[in-house]
There are 2 protein chains.
Amino acid sequence: MSKKPSMLIVGAGAIGSFYGAILKKAGCAVSVVVRSDYEAIKEHGIRIESPLGDLSFAPDHVYRSGDMPETYPDFLILCVKVLPGVDRAAMIAPWMGENTRLVLIENGLDIEQELVDAYPYNPLISCLAFAAVSRVDSGIVEHKAFGKLVFGRYPQGIDGGCQILAALFRDGGINVELTERVVGERWRKCLWNTPFNPLSVIANGADTRTLVDTDGGEELMRAMMREVMEVAAADGYPMDESLIDKNIASTRKMPAYKNSMALDYLNGRPIERDAVLGSVVAIAKRHGIAVPHLNTVLVTLKMRAALEGRA
Amino acid sequence: MSKKPSMLIVGAGAIGSFYGAILKKAGCAVSVVVRSDYEAIKEHGIRIESPLGDLSFAPDHVYRSGDMPETYPDFLILCVKVLPGVDRAAMIAPWMGENTRLVLIENGLDIEQELVDAYPYNPLISCLAFAAVSRVDSGIVEHKAFGKLVFGRYPQGIDGGCQILAALFRDGGINVELTERVVGERWRKCLWNTPFNPLSVIANGADTRTLVDTDGGEELMRAMMREVMEVAAADGYPMDESLIDKNIASTRKMPAYKNSMALDYLNGRPIERDAVLGSVVAIAKRHGIAVPHLNTVLVTLKMRAALEGRA
């Protein structure tokens, strides 16, 4: 067996810790870069309870922001939140070697270009995670369900790096779907996230059932989804209109559920407003498409943030 | 001098207490119906500090909801908030004599018809108050500035009752403007209130300056005002488009200010969402006019209310 690629997870929160553990299970060297959980992870490693079994592991190296690496990783997997004022390109600079492949497991739309601009010669793999994981405490993560990854090379195609990474995640027990058009997959995920996540914040952390059962709620969701679809189509990623019915139906089938943005809001953490919603409104503007429902939610969230002293 | 008409104020909060005091000053007998402030007002009367001088007065009678009156008033002045689940027609039933004129000093649109339906033979005078007054404590009200009333017979015209009432308010020191088309005046007031008041709630009680200075805030205000105008025009009350510029300019000239709905929200009191916003969206629906910005704000407020266990 040839040597497995080395992995560096930047941002070992719930998502980063979980997929790092999967790669560790697949036999890779897995190091992490962490901020607030450094002491805990350095001392006790990362503990993960999962239906897949005990995924706890000790990272090969634990770095803090700005530390210099022992060696450059084969894959740098970026799992930090996409927030205005957080310069992700600068954040990963110390660890980006000439042959390092950059992997994003992050939410939102139009989140890749600033990294392509900063590292034009490093292949970029863009991933969407469908996993119910949450950080319970410093270095302690709970994996509740799901885990599938959908990814491809950005802006399109499937390269050798994608194939290697897919094989490793599958070895670790995760479903992977490779896609030639990953931006289209981002649009499909945003079809749900762009309405539901910001609305849950506007509604002070309401769960999915409350949102959809409010008088006029389902109609508002549908109107926002239609706007997302229209912008996606103008951007070159048309979707089938039946997806709206499917999204509403599956939301009604799920138990009442607080999405991660609602939880971030309730816990006083910054929210990925611009990655998930602001970017869609910006792309709409570029294409001259009116998105009054999305824009109203975006601006009202900004009004509220102004009061809270957030960005 | 002939005997002055008798007045009954139903809902002696800030607005009811203030205009009751003005009528008392004009020489009328003024009684009040109060809920939570009954004991304080029964014992100490109503204390009002005002740039017009000390307007404090002892009401001729202090009633509780459901009490029977000594006599029916000539004018019953209704100053309670317009809230779903509050049956204003039932509330005033004990005091509505055959010749009682009903006067509303209340915010919102389309708030008269249920009272016309309940009391078809009592003339109804619909009033808009432009006054900065606030309730400081039980039976204690502060009048800070302004005080003008705009009113007319509902649905239109100016009758003898309007003339009598106008003369009394003017005697008490208040500017009055009589209007043949009071519903049009309600629309003009809603041009500002319908966007600003609900947005201040969505933004967790933000002041006017924060709302208008937020990135995209002024544009959202303008879009909402354009929708209000379009609905008003379809309803028979066209407005001049320049009013939007004027409203924005005067908002920018005012010091940062929390409107009454923001204060109600911050103090955990119910808000007049439906009178100020829901009614406009309902009228838009009747006329087949799309109001996506207004509707998004309405539904998101309902989503939040669902979580708070409010209506």
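## The two chains together

Chain A and chain B bury about 2,300 Å² between them, and carbon and sulfur atoms give 71% of that area. Buried area here is the accessible area, found with a 1.4 Å probe, that two parts lose on being put together, summed over both. The size of an interface is often given in this way. A:Thr296, A:Met303 and A:Leu307 supply 26% of the area that chain A buries against chain B, more than any other three residues.

This is a predicted model: local features need pLDDT of at least 70, side-chain atom pairs count only at pLDDT 80 or more, and totals for chains, interfaces and linings use all residues. Residues are numbered from 1 along each chain as its sequence is written, chains are lettered from A and ligands numbered from 1 in the order in which they are written, and side-chain values use heavy atoms, with hydrogens and water left out.

## Who touches whom

The contact (heavy atoms within 4.5 Å) takes 27 residues from chain A and 27 residues from chain B. The rule finds two salt bridges across this interface. A salt bridge is a side-chain nitrogen of Lys or Arg within 4 Å of a carboxyl oxygen of Asp or Glu. B:Lys302 forms one with A:Asp215, with the closest N and O atoms 2.6 Å apart.

Helices H6 (182-202), H7 (208-213), H8 (217-234) and H12 (292-308) of chain A each supply at least two residues of the side that touches chain B. H12(A) gives the most, with 12 residues. Helices (H or I, at least four residues) and strands (E, at least two) are DSSP runs, numbered from the N terminus. The side of chain A that touches chain B divides into 14 nonpolar, nine polar and four charged residues. Ala, Val, Leu, Ile, Met, Phe, Trp, Tyr, Cys and Pro count as nonpolar; Asp, Glu, Lys and Arg count as charged; the others, Gly among them, count as polar.

## Symmetry

A rotation of 180 degrees, with 0.0 Å of shift along its axis, superposes chain A on chain B (RMSD 0.1 Å). The two copies are therefore related as by a two-fold rotation axis. The same surface serves both copies: 100% of the contact residues of chain A recur in chain B. The superposition is by least squares on the C-alpha atoms of residues with pLDDT of at least 70 in both copies.

## Two domains in chain A

Chain A is divided into domain 1 (6-180) and domain 2 (184-308). These bounds come from an automatic or database domain assignment. The domain centres, taken over C-alpha atoms, are 25 Å apart. Their contact takes 20 residues from domain 1 and 18 residues from domain 2.

The two domains bury about 1,600 Å² between them, 54% of it on carbon and sulfur atoms. A:Lys81, A:Asn107 and A:Leu109 supply 41% of the area that domain 1 buries against domain 2, more than any other three residues. The rule finds three salt bridges across this interface. A:Glu112 and A:Arg186 meet in a salt bridge through their side chains (2.9 Å, N to O).

Most residues other than glycine have a negative phi, and most peptide bonds are trans. A:Asp110 has a positive phi, near 65 degrees. A:Asp110 lies in the loop between strand S7 (101-105) and helix H4 (113-118) of chain A.

A cis peptide bond joins A:Tyr154 and A:Pro155, with omega about 0 degrees. A:Pro155 sits in the loop between strand S9 (140-153) and helix H5 (160-171) of chain A. In chain B, a cis peptide bond joins B:Tyr154 and B:Pro155, with omega about 5 degrees.
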